[in-house]
Every structure is written in structure tokens, then in C-alpha cells.
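Work through the exercises below with the structure in view. Try each task before reading its solution.

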Number of protein chains: 2
Amino acid sequence: MNTFTVPRGTSDILPDATPLWEALEFLARKICKSYGYREIRTPIFEDVNLFKRSLGATTDIVNKQLLELVSSQREKPAESGSNGDRIFLNEYALRPEGTAAVVRSYLENSLDKIEPLSKLFYIGPMFRGERPQKGRLRQFHQIGVEAIGPNSSSPLLDAEVITLAMHLLKELGVKEPQLKINSLGSKEDKARISTWLRGELAKQKERLCPECQARFERNVFRVLDCKNESCKKVVASLVKDLPLSTPSQEYFAQVQAALNSVKVPFEVSPHLVRGLDYYTHTVFEITAAGELGSQDAVGAGGRYNGLVHELGGNPKVSYGAIGFALGIERILLAIGESSVPLSGVAVYIMAMKEEYQPLAFLVMQLLRKSGISADMSFIGGSMKSQMGKADKAGARFSLIIGEDEVKNNSIAVKNMETSTQESVALGGIVEHLIKVLSS
Amino acid sequence: MNTFTVPRGTSDILPDATPLWEALEFLARKICKSYGYREIRTPIFEDVNLFKRSLGATTDIVNKQLLELVSSQREKPAESGSNGDRIFLNEYALRPEGTAAVVRSYLENSLDKIEPLSKLFYIGPMFRGERPQKGRLRQFHQIGVEAIGPNSSSPLLDAEVITLAMHLLKELGVKEPQLKINSLGSKEDKARISTWLRGELAKQKERLCPECQARFERNVFRVLDCKNESCKKVVASLVKDLPLSTPSQEYFAQVQAALNSVKVPFEVSPHLVRGLDYYTHTVFEITAAGELGSQDAVGAGGRYNGLVHELGGNPKVSYGAIGFALGIERILLAIGESSVPLSGVAVYIMAMKEEYQPLAFLVMQLLRKSGISADMSFIGGSMKSQMGKADKAGARFSLIIGEDEVKNNSIAVKNMETSTQESVALGGIVEHLIKVLSS
């Protein structure tokens, strides 16, 4: 009999680890809400063309890493006249990131008609068909925010989004997250700088790595943050600051002033870029020390005003949009924890004979109805073995139902911390436990 | 420019609806924990053979409704020597239900070595490539529990699991959930009853619907709960009670006694079955009135001791396993709610001139750092328009920063409920709001 294993690049979150995830998600929701962001949940899969349009049809994510869906129904049944099932053939893909779906939902549901600025957050799994390695998974989880609205580009909003990312990371336990920011300028700036960069880099093209030579035409900005040593040298000698227009410089200066005013430390990194065409103005990346190794980014984001039009937004409206995503698995690596102690139940009930188990079950259920968490051993066993289970369950009190207790219509209540024990009338057991548990 | 839409059979959960989902999940977690169940999270997709083995290779779910994964990488790159990407070709599928993955994880992680009885719950999306209709979605969400352990079959545990399902539904707002229970008996009982049923039904086979005639050999039990009128008549005349062995009858009687002891009302329905081979003993289904129409089941479950061996459990161990799943979308239909009012922020800050916005941003950030939720209009606008946004955001207080305030180093604080307004020194604004918000 062969057994089954969890798919490569994914993992089970076991009961010892889920309380940490739950606490982290609870805290993230609370903080996002305190900044006026509201949660949105989009489906696990989307039209594959949404990702082709948003990420670019020639990107690695789209060409190599999307996980597309096919129906297990291989042939159309003869009696079916419709092609309702055909739409699953290579037209849907698991979402590799959250932004495209949020913008799709923003437009489809006309959220701009409901509010002038939609401040949205999401928490959930993302998927890439990558070769698994540390920090790179096939199913991973992100906390992300997007702020989208007509005419909503504002340096203060950029500063808010960045501040929220840093606030989240600190509250979630990441020590000393390092923030790097940069501005790519306006769309016009980017076009001008691309031409200039291509001209300059062309003179030393043979010193660039093969990947940079390949993306030279398509997206010359990516050369700026290539990790290859030779590319780094070329870039360092060439680019001190990106030659932004005056309005773009002023916008970026205001972002920095706002970050300074609320004491968020940052470093301006002129070589920091986001690869996709639609990024303009502010981009940022946050790294952390810890067990992350070379994959030390715990989050990144930027302004992507252009994407809303790309996905079908009204061409007459000038949309602003900025967001980020934080990687939950990377945060856990950075804080060096993956599980917290068992929270357990308040009360554990022990039946000393099998025939007392129905009474134990009844008492347990009365406690639960009163909001007191409780458990019992359904398997039974000796006093010692059941006491061991009560300990393991983290119970504050154990209730013992033995021969004497049944005879006297009582229950022995043991305080697991002090090891003191008292006898309580069966009819008053719920009241008694409410009292001792709240004291 | 074409726009994108949410995939058929899935839906966005928009910001007005997420608070209800969040509240529902919070309550479900709390109740499951109070019964001693702990959360487990398995991946969104699993080895397709896990579902073939657990659900049966000939079932509709496996043959028609699984959504399998393929990599977007269509050809192997010439330089790659490994076949690491090939494993995505038709070998993984989105999970159509939660039980198989939980048992897989239980065995893979040897949870039986950690605790004698693993009481687990999960909350999350499930997927079926069905033709979408009301109450049947391609992505839907379930709350489920599984109690698994060696020698853990106990009528009280069956009663606990059923009680928990009913407790959850009631606390989540389902009015008068209706519980039907039945026992399919032991594995031996089932084999004997199958032979008997086949013999009896063979005499009237032509009165059965085509589907029942087809599944007659494979899984004759499914004929018992066929909705076809003619099948119903045949079954009604034939089966009053399933002819269980004496030990199976006693087991079922104890389940009923335990449910009676904790006042969980139920109806014994001898025609209620669960279609899969590995179900034995207790099975149950819970329906609700409301807008559910013919899809009125909000949850179902049963004992599936046989599955643990089927998925590779140690053949020398006698595993017990029982669980259920509740459908969140169906619960929402049953309670007739899909959204709750905006929770909003506590404080809304208004800058009366654009040049005061950086000060508004700073005050907002000071409030947030003190744990007070706050927002501002990044877009600006008139006093009236910003006051409208403060109202819409549900703010209890609005802070107004105008010419007088900046001159006097103060902020006007307006109580949005009473419409009273007072001037507070800028340096004391956080303390002031902490005080008035907590009173």
C-alpha cells in the first residue's frame, strides 16, 4: 500500500502551527482596518488572460510558472449539447499574485461608484509552478493591500501604504525591517529614461549577463537591479540617480518628507526597480535579517497607476493605484518561529469506568453550552493515562467521575495548577466552574 | 478594451461582505476549539490519486468534476535535464473536499504518535468543475471536522461530532436545522446488506431509474437515497430498517441515547446513506429551511473508519474516524444574510487646505500607533464632501484642521453622534481621543 505525501513545494500547517498563523492573520486584519483598509477575497483562480495582460505575456511567471486548470472530464459526453465544460481547458490559472484580481474586482464591481478611494487588503494563498527551494514555494501566502481610486495619486497615500507595510512587519515580530525606496518617475519619465539607459548600456552590452542582454530591449529597467556582479558594476558606474523630471522629483520628495514626519527610516536606492511596465513613481522593497538567506525580501510594492487602464478601466478616468504584498512564510522565517504552544481546553473530564462515560459526555456538553471549552478521553484508560491527557490538553481543571462521585451525585474537581481537589455537587458543577475559571 | 470577469461558479467576497465571513469563521474556530478540536490547513491541491483512492476512480467527482493542474510551461527547455516540471502534468488536482487531505496529513505526519485521538478542524475553499447553479459552485467553502485515532470508535464520539455540527449551525444563525441520522452498520453488515439489497432490488430492477440501474452493482446503497419518485417507491416498500447485526444496533442505540441526553433532536432515516464505500456505522445529514430550494443540505458527515487503511494506514491498527463538512455558502443562504454594515474607523481627519494634509497625515499616524483606527481623505475636497466621507467611514469623531487651528496649534474635534465640537491642543490630541473613545 503506497501512501500519499503533500505536493512538492507546499506544506501542511499542523495543529501546533495554526495558532501562530491565526494570531498573525488576526493582527494583520486589525492593523489594516485601523488604517481604514477593508478586506476583499477574490477566487483562487482567474482567467489566464488577466495574468497575461497584467504581468505581461512574455514574462517568466506567465510562460513558465502559471498553474493552469483542466477538467478531469476528458471527453464530452455524447448527450451534452453545450460546451459548458470546455471553458476549463487552459483558460483559468491559479493566481500567482493578488493585485491583478483585486483590480479586476474593483473594475467589475465598479467600486469607484461606491467610494472615491478604495482601500483594500487581502490575505491568502498564491501559486507558482516554480522549482521549490527555501523561501520559494508552489503554494505560499501573502498579506497585501491596494489603494485604488480616480485622481488618488498622492505622496501622502504612498507614504501611508509604506508606513502600513512597516507597521505590519514590526507588529508581526520582524525585528528591524530594512526599507528601500525609489522613484521610477512618471510614464513619460520612464520612456525617456529607458531610451537613455538603452543608449548608455548598449556601449557596454557585452559586459551584461545573458539574461540582461535578452531583456535589454523589452524591459531595460530590470538591468538596474540584476544581481550579477558584472551587471552591478556597469550599473553602478552609470546610474547614481535616475534623471527624473521636476514634478516627479517633487512628488518623491514629498513621499520622503511624509515618511520622515512619522519616523519611518528608509534608504533611497536608485537601482531598485519593479519589473513590470505599469509601475511608475514610488517603488519599495523591505528586507529582514534572519534565516532568509538570499531570499531576504519580506515584502515589496509600488505605484501602478497604469494597470487599471490595462485591465479595462475607463480611459477617461485618471486612476491612481498603489499597493504591496508581504510574504507570510518569509515573515515566519524572519521571526524564527513556526509554532506556539497548544492553547488547549479549560476543562478535561475523566470517567473512571466505561459506564460513567455517558455522564462525562453530558457534563462536558453542559460546560460547552455555557461557553467553557472542554474535552474528555473517548478512548478511556487509567486515571494516570487520562490525567496525562488532561495535562497535555493544557486543562486548568480536571473533573473526575469515579465510584464515590456517582454514588454521591458529585464530581471531584482538581485544580491542575495547585493540584488541590474538592468535591462539587453534580447540579452545581457548571456554576462552580464558571466561578473558578473567571477568578 | 475588453474587461475581465470573475470565473463562472466563483465569486468575489467584497468589503461589505467580508466582515460577515470573518465573524462566521471566528465563531466557528471558537466553538471547534471549545470542543477540543484544533485547526489543520492542508494545501489547495493534492495528488490526483489521493482523490481517486478516497472517492473512487469511477465516481462522478473524480471523472468529471476534478480540476487538474498543468504547468503553463508547454515545452521543456533544452538546457533542463530534470523532469521537475513534468510532475504538474495531470498529477495534481484542486481538492474537491477536505477529508482525504486531512487523513493524508494525519498519516504522513504520524499524528497518532503525538496524541491518541486527533480532533481536527479546517475552514477553507473546495473546488468542483460542476455546471454552476444555485447552491452549487466551482469554488465553495467548508467548515469541517475529523476525529481520527487508533481504536477511537466510540458512540459518544459520534454523538460529540454530530452535536458540534448542530452547535455550530445554531450559533452561526441557522434557525431550526433538521438532523437526520442512520447507521450503515459494520463493514460486514454492509457486505451482507448489499447482497440482500441487490437480491431484492433485482426483482424490480426495471422500476429503478437509469442511474440506479447503472450503480446497482457498484454501490447498491446509493439506490436507497435516490430522489427519483419510482426508486423512492421501490425503496419505501422494501426497506423499513436496515437489518443490522446486534452489536451494530447497540452502537447506534448508544449514539441516539447520547444525543438524547444532551437534547439534540434527530430523526432516524433508514434511507439516508453516504455514497462512498468506506462509510460504516453512523451517517448524518443536516438540512435547513430558507432560500436553499432543493439543495437544502447545509452539512453532512459520517464514520469512515475504512478510509484510513485505504490511504495507507498501518494495517495492524484499527483506526476510528468520523467527521463532517458544513457548506458556508449554504449557511449564508439559510440565514439570509450576505453582508453586514461597515465597521469603519474611529477617527476621520480632515485637512481644509491641501497644505495641511501632511499635518493630518502625521496626526493620523500618531493615532494609529496608539491603536486608534483612523483615516483621512487623501484626495481632499470641501468640508462638506469630507464630512460625508467621515460619515460613510462610520467615524465616531472627526478632526478638523483649518486655518484657525493651524494658527492656534490646535485641532477641532467633532463628536459625529452629538455634532458637538471642541478645540483640543495639538500636543494633547492622542490622549484626548483615547479618553473620549474609551468613555
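Predicted model: local features only at pLDDT ≥ 70, side-chain atom pairs only at ≥ 80, totals over all residues.

**Exercise 1.** Find which rotation superposes chain A on chain B.

*Solution.* In chain A, the residue that comes closest to the rotation axis is Leu69(A), with its C-alpha at 2.4 Å.

Residues are numbered from 1 along each chain as its sequence is written, and chains are lettered from A and ligands numbered from 1 in the order in which they are written. Local features need pLDDT of at least 70, side-chain atom pairs count only at pLDDT 80 or more, totals for chains, interfaces and linings use all residues, and side-chain values use heavy atoms, without hydrogens and water.

**Exercise 2.** Give the strand order of the open sheet in chain A, and explain why β1 and β8 each have one side without a neighbour.

*Solution.* Strands are DSSP runs (E, at least two residues), numbered from the N terminus, and two of them pair if DSSP finds at least two bridges between them. The order of the eight strands is β1-β5-β6-β11-β10-β9-β7-β8 (chain A), with mixed pairing. β1 (38-39) and β8 (267-268) of chain A stand at the edges with a single partner strand each, so one side of each has no neighbour in the sheet.

**Exercise 3.** Determine in which sense β10 and β11 of chain A pair.

*Solution.* Strand β10 (residues 297-303) and strand β11 (residues 319-327) of chain A are antiparallel, over five bridges. Opposite Gly299(A) stands Leu326(A) in β11(A).

Notes:
Least-squares fit on C-alpha atoms with pLDDT ≥ 70 in both. Helix = DSSP H or I, 4+ residues; strand = E, 2+ residues; numbered from the N terminus.
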